[in-house]
Each structure stands twice: as C-alpha cells, then as structure tokens.
Amino acid sequence: MPTDITAVHPVLMARDVSVSLAFYARLGFTEVFRDAAEAPRYAVVRRGPVELHLQWADPGQWAHAGDRPAYRFPTPDVDALHAEVLAAGALAEQTAGPFAVPKDTPWGTREFHVRDPGANVLQFYGPLASARAGVA
C-alpha cells in the first residue's frame, strides 16, 4: 500500500516577503514562521488547514512575470469570503479582471480571483448559490 501524502504546501515567490506577509494577514492568514525578524526571505502563513510558504525571489527570476501559477482554494461560501477580505482591505488594488468580484462560471462554480504582491494568482471558488441553497 502506498504511503499517504497528507498535504501540499506551495511555495509562492515574493518580491518582498514582508509586504506579502501583510497582504496574507488581510486575507485572514496567520504568520507561523519567518526566517528573520527584519527583511525576511522565507515565511509561512496558515489559515485553517491551508499553509502557504512565501519565498523571496531574485529579480532575475521575474523575467516572465505573466507566467505565474494559479492556486485554487475551495470555500463553501465565495461571496462571504469575498466580503470578508474586501472589508479587511485585502482587495483594495484588485479592480481588474473578469473575476475581480464573485461570478458564476460556465464550469459550474462561483469564483473570485486576486493577485498577491508577488503576482501569484489566488482563485477562491465554491458551489453555485443554487447548489448551496439546494435548488435543482
């Protein structure tokens, strides 16, 4: 029998780890580790069972800034999460893109997307409102 893999902890590139830590705090994440009190180059944040690692990246690694991975986060209520992070000021600069606000998708989810300070794409998604309400 194969050994279980119990989680994945993605490492997101950060231009400035301190700025990214502040952003993720506004998204409701708690800092659980940083390698240096001043000017950290590696840090870990957690919200519930979700853990993200933030690592400083040399400017030379940003040659293709638009070629960034997307990270998907399931949530039972996309609209409530959007309202929460909007009220916390985490979306102040997020005004562009088709999913800047929660929308229903053709593939059967409700989603909103943001970019963190390192240009990593965060996609928060969940069931359509009709599915949450039990409407057929």
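Student: Leaving aside neighbours within four places in sequence, what is Phe124 in contact with?

Tutor: Phe124 touches Leu27, Phe73, Val78, Leu81, Arg110, Glu111, Phe112 and Val114. Contact means heavy atoms within 4.5 Å.

Student: What should I know about the model first?

Tutor: It is predicted, so local features need pLDDT of at least 70 and side-chain atom pairs 80 or more, while totals for chains, interfaces and linings use all residues. Residues are numbered from 1 along each chain as its sequence is written, and side-chain values use heavy atoms, without hydrogens or water.

Student: How do you know whether Phe124 is buried or exposed?

Tutor: Buried means under 20% relative accessible area, exposed over 50%, and partly exposed in between, with a 1.4 Å probe and protein chains only. Phe124 has 7%, so it counts as buried. Phe112 has 0%, so it is buried too.

Student: What makes Tyr24 and Phe29 an aromatic pair, and of which kind?

Tutor: Rings of Phe, Tyr and Trp (its six-membered ring) pair if their centres lie within 6.5 Å; planes under 30 degrees apart are stacked, over 60 edge-to-face, and the rest tilted. Tyr24 and Phe29 have centres 5.5 Å apart and planes at 90°, so this pair is edge-to-face. Both residues are buried. Ring pairs also link Phe23, Tyr24 and Phe29 into a cluster.

Student: Why do S5 and S8 count as paired strands?

Tutor: Two strands pair if DSSP finds at least two bridges between them. S5 and S8 (residues 121-127) have five, in the parallel sense, so they pair. Phe73 has Phe124 in S8 as its bridge partner.

Student: Which strands make up the open sheet, and in what order?

Tutor: Four strands do, in the order S5-S8-S7-S6, with mixed pairing. S5 (70-74) and S6 (103-104) each have a single partner strand, so they stand at the edges.

Student: What joins S3 to S4?

Tutor: Six bridges, and the two strands run antiparallel. Arg46 stands opposite Glu51 in S4. S3 and S4 form a hairpin with two residues between them. Gly48 in the turn has a positive phi of about 60°. S3 (residues 42-47) is also joined to S2 (residues 30-34) by four bridges, again antiparallel.

Student: How do you know that the charged end of Arg72 sits over the ring of Tyr125?

Tutor: The rule asks for NZ of Lys or CZ of Arg within 6 Å of the ring centre and within 35 degrees of the ring normal. For Arg72 and Tyr125 the distance is 4.0 Å. Arg41 lies over the face of Trp56, also at 4.0 Å from the ring centre.

Student: Which residues touch the most other members of the largest nonpolar core?

Tutor: Tyr24, Leu27, Phe112, Leu122 and Phe124, out of 23 residues. Such a core is a set of buried Ala, Val, Leu, Ile, Met, Phe, Trp, Tyr and Cys residues joined through side-chain atoms within 4.5 Å. Helix H1 gives the largest share, four residues.
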